[in-house]
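Please examine the sequence and the structure shown here before reading the report.

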Amino acid sequence: MISKKLLSVTILLLGFIGNVAAAVKVDQVAPNFSLANSKGQQVQLSDFKGKYVVLEWTNHLCPYVQKHYDSDNIPSMQREYTQKNIVWLSIISSAEGKQGHIDAAKSDELTASRNAAPTHVLFDPEGDVGKLYGAKTTPHMYIIDPAGTLKYAGGIDSIKSANPADIAKADNYVELAMAELLAGKNVSKKLTPPYGCSVKYKG
């Protein structure tokens, strides 16, 4: 007879294994998803087939995210890439009542005040898309190529700190991967450790 405690642990473990198994892998097809943007429109990843897509998991109250926004590091990348017809999707998986959960009006206010330029800010309060992609931190970055294949997943750069002074010293993994892809090369660092605040998932 299995005890209730053992059964609960087994269920939790199986759930954890399931989440790990479900997470998308580099050099495999990035799974499609549909989320609402700040205008209330449904946006699907498949809408952007034929284009490079950057996914950025974000939480405006996380000091690691603030490091990259207050310094203009992420907004400048957004402006540069969207001008090149590269799609940038900022995804908020913070659950209602948890740090970083915001409504559409607050999202638009943040975009304007930070001079940010994502193609869309998308809301994932149930955490389904974040868990599908295995997003662990804010920021956590992904690059999908025009064929819909995940080409990069991991940290934004090589120095795991919340100090803006470290940005100039770090290797920007997203910029490196994108430059290699645009030059027709293989990504030299396909998978790196993400760093930042934990994604504030529901539950």
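The report below describes confidence, a helix pair and selected residues.

## Confidence in the model

This structure is a predicted model. The average pLDDT of the chain is 91, and 89% of the residues reach a score of at least 70.

Residues 1-22 have a pLDDT that stays under 50. For this stretch, the model has four contacts beyond four places in sequence. Where pLDDT is low, predicted coordinates should not be read in detail.

## The pairing of α3 and α6

Helix α3 spans residues 73-83, and helix α6 spans residues 173-182. The two helices pack with their axes 12 Å apart, at an angle of about 15°. Angles under 35 degrees count as roughly parallel, and α3 and α6 are therefore roughly parallel to each other. Their crossing is left-handed.

Residues from both helices take part in this packing. From α3, Met-77, Glu-80 and Tyr-81 meet Val-174, Glu-175 and Met-178 of α6.

## Leu-182 in α6

Leu-182 belongs to helix α6.

When residues up to four places away in sequence are not counted, Leu-182 touches Tyr-52 and Ile-86. Leu-182 and Asp-145 are 37 residues apart in sequence, and the distance between their C-alpha atoms is 9.7 Å.

## Ser-38 in the loop between β1 and β2

Ser-38 lies in the loop that joins β1 (34-37) and β2 (42-44). Why does Ser-38 count as buried? The relative accessibility of Ser-38 is 15%, and buried means under 20%; Ser-38 therefore counts as buried.

The side chain of Ser-38 makes a polar contact with the side chain of Asp-108, at 2.8 Å. Asp-108 is also one of the residues that Ser-38 touches when residues up to four places away in sequence are left out.

Helix α4 covers residues 104-113. Which residue caps the N-terminal end of α4? The cap is Asp-103: one of its side-chain oxygens lies 3.4 Å from the backbone nitrogen of Ala-105.

Asn-115 follows α4. The phi of Asn-115 is positive, near 55°.

Methods. Residues are numbered from 1 along each chain as its sequence is written. This is a predicted model: local features need pLDDT of at least 70, side-chain atom pairs count only at pLDDT 80 or more; totals for chains, interfaces and linings use all residues. Side-chain values use heavy atoms; hydrogens and water are left out. Helices (H or I, at least four residues) and strands (E, at least two) are DSSP runs, numbered from the N terminus. Contact means heavy atoms within 4.5 Å. A polar contact is a pair of N or O atoms within 3.5 Å; within protein, one must be able to donate a hydrogen and the other to accept it, and residues adjacent in sequence count only if both atoms are side-chain atoms. pLDDT is the predictor's confidence in each residue, from 0 to 100. Axes are lines fitted to C-alpha atoms, for helices over the stretch in contact, and angles run from 0 to 180 degrees between N-to-C directions. Angles under 35 degrees count as roughly parallel, over 145 as roughly antiparallel, 65 to 115 as roughly perpendicular and the rest as oblique. A crossing is left-handed if the near helix is turned anticlockwise from the far one by less than a right angle, and right-handed if clockwise. Buried means under 20% relative accessible area, exposed over 50%, partly exposed in between (1.4 Å probe, protein chains only).
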